[in-house]
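Biologist: I have a structure to learn from. Let us go through it term by term.
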Amino acid sequence: MRLIDRLVLKDLVGPFFNGLFMFVMLVFAAGTLFQATEWIVQGVPALIVGRLVIYSLPSIITQVFPMAMLLAGLLGFGRLSSDRETVAVFAAGITFMRAARAVILMGLLVSVVAFFWNDLVVPAASTAFWDLRLEAFKGLEKSDRPLAWAVDASDNKGVEEYVTVNGGFDSHTRTLRRVHILRFSSDPARRGQPDLSLYCDHARFDDAKGLKATYFDGYVTPFTPDKKSGRREAFVTAYFQEISLLPEGVTLGKSLEEVMQADVNDSN
């Protein structure tokens, strides 16, 4: 390695690692820090939150590799220029491209490291992150955050139902709060049109797997088109205090475990 290469690399390595640390802290503070705070407030143990933070760092590092290298190049040549070292370099007959060769080689090395880092380290860390996050949220007793999901039609042509849980869930009592189910017509001529609306104050899962539920304090409003005018008119709304057998085809579309998993995945 020539003296000029050592001179340039000396001014690149320090700013590169300083920039890497600085940008990681900025990206972490802008996103992951708020998530970690929310997890602690929701009752996730601090040790698990710390592991989640560690698992999230590899993907952040991948994002900041290019920025750190750019900062290192700017600061490195800025240092050479401010110390008048570039005058000595050019006076010795060394061209700018020859002086910049160390920067190009270091940039290539950082690109290769970033490629293998993103290909080998990030997937494993991301998998561990989501597995641990799901396991951590399974232990939470309840969530007040509203949830909503669509249930696809059996023929994969459109949406069969749209379910809204405005009051969140309580895993301890296996209860969903303020549930609204809007079912769409299965008639091809009326696809996408509402067929039935069901609302209940809360729904409780009865079986161990969370597949069957009882619905409390609600009402069912079926819809049908008027045969003469074709307009949508509602039948008489049927109120109930407790039912376990819903109108044909009406379901929640998810078990309690799937509802909890949806809460974890949608929290971003």
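Biologist: What share of the contacts in the protein between residues at least 6 apart in sequence join residues at least 24 apart?

Modeller: The share is 59%. Contact means heavy atoms within 4.5 Å. This is a predicted model, where local features need pLDDT of at least 70, side-chain atom pairs count only at pLDDT 80 or more, and totals for chains, interfaces and linings use all residues. Residues are numbered from 1 along each chain as its sequence is written, and side-chain values use heavy atoms, with hydrogens and water left out.

Biologist: Why is T175 called buried?

Modeller: Buried means under 20% relative accessible area, exposed over 50%, and partly exposed in between, with a 1.4 Å probe and protein chains only. T175 has 12% relative accessibility, so T175 counts as buried. Of the 268 residues in the protein, 36% are buried.

Biologist: Where is T175, and what does T175 contact beyond its neighbours within four places in sequence?

Modeller: T175 lies in strand 5, residues 175-184. Strands are DSSP runs of E, at least two residues; helices are runs of H or I, at least four; both are numbered from the N terminus. Beyond those neighbours, T175 contacts G168, F169, D170, H202, A203 and R204.

Biologist: Where does helix 2 bend?

Modeller: Helix 2 bends by about 40° at V64. That bend is the angle between axes fitted to the seven residues ending there and the seven starting there. A proline, P66, follows within four residues.
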